[in-house]
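Reader: Could you take me through the ligand site of this model and the helix that contributes to it, with the criteria spelled out?

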Amino acid sequence: MNIILLGPPGVGKGTVAVKVSKELKIPHIATGDMLRSNVAQKTKLGLEAKHYMDKGLLVPDGVVIKMVKERLKNNDCKNGFILDGFPRTIKQADEISAIANIGKVLNLQANDSIIIKRLNRRRVCSKCGFVYHLDYIKPKNKEICDKCGGHLYQREDDKPEAIKERLKVYREKTAPLIEYYQNKGIIINVDASGTPEEEFNLVIEVINNKSSNACANK
Ligand code: AP5
């Protein structure tokens, strides 16, 4: 099945998507990760994207859509995929609908105070990309990755000003997708305010629910 994870920055899309990808053996396609990898490698795309990302703004549609379309051509996507961070605009949603059949859209929900706590204390491994939280998903040493020994860093867009901008951009550009997918009858709200394990269990439950009434929003 092709799945979209929708939700504000820091709600836990990436954390839960990594687990779902393992569980269902489908690739996790995270546009944020793809863009950050381009930034790290100083590609042309990365140099263009960095300017927007550091400020918490969206990278232009054309750039991101092209990148996702290329990725979806890979063989590993033929039995399904989980999209994290895409689509983020109506234009992106129209483009993905034109090339892939989306089975379910999961709308992860948590309030702003939870989100801000999660983003403020997030740390990412510079080597393997594993995502920690200094209170909830703690590394043994706050500067070193337990898994590979890589250096843990704070994302530039996890600074307070950029978080504020990202939440604003989410409300303006991405939240309208909730209604967009409600109209298609494929969106399900998922409470993402609990622990990572609770969030994962709810997500798997919703994905495995074969009911055709996928729009049973809570
Ligand atoms: P992107 O990387 O996609 O950022 P985001 O959507 O803002 O999402 P985040 O990665 O910040 O959060 P998340 O929901 O994945 O949370 P996580 O699991 O890490 O995009 C970055 C930038 O790239 C954008 O601003 C834009 O510039 C650009 N971009 C990307 N896609 C684009 C697109 N389609 N179009 C245009 N531009 C695009 O969790 C957060 C923290 O909480 C972590 O520390 C984690 O350990 C912790 N945590 C997770 N779950 C829980 C839980 N249940 N309980 C406690 N802690 C938890």
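The questions below turn to the ligand and then to a helix.

Author: This is a predicted model, in which local features need pLDDT of at least 70 and side-chain atom pairs count only at pLDDT 80 or more, while totals for chains, interfaces and linings use all residues. Residues are numbered from 1 along each chain as its sequence is written, and side-chain values use heavy atoms, with hydrogens and water left out.

Reader: Which element gives the largest share of the shell around the ligand?

Author: The shell holds 36 residues, each with a heavy atom within 4 Å of the ligand. Helices (DSSP H or I, at least four residues) and strands (E, at least two) are numbered from the N terminus. The largest share, 4 residues, comes from α2.

Reader: Why do the buried residues of α2 lie on the same side of the helix?

Author: In α2 (31-40), Thr31, Met34, Leu35 and Asn38 are buried, meaning under 20% relative accessible area with a 1.4 Å probe and protein chains only. They lie on the same side because the arc they cover around the axis, taken from the directions from the helix axis to the C-beta atoms, is only 95°.

Conventions
Buried means under 20% relative accessible area, exposed over 50%, partly exposed in between (1.4 Å probe, protein chains only).
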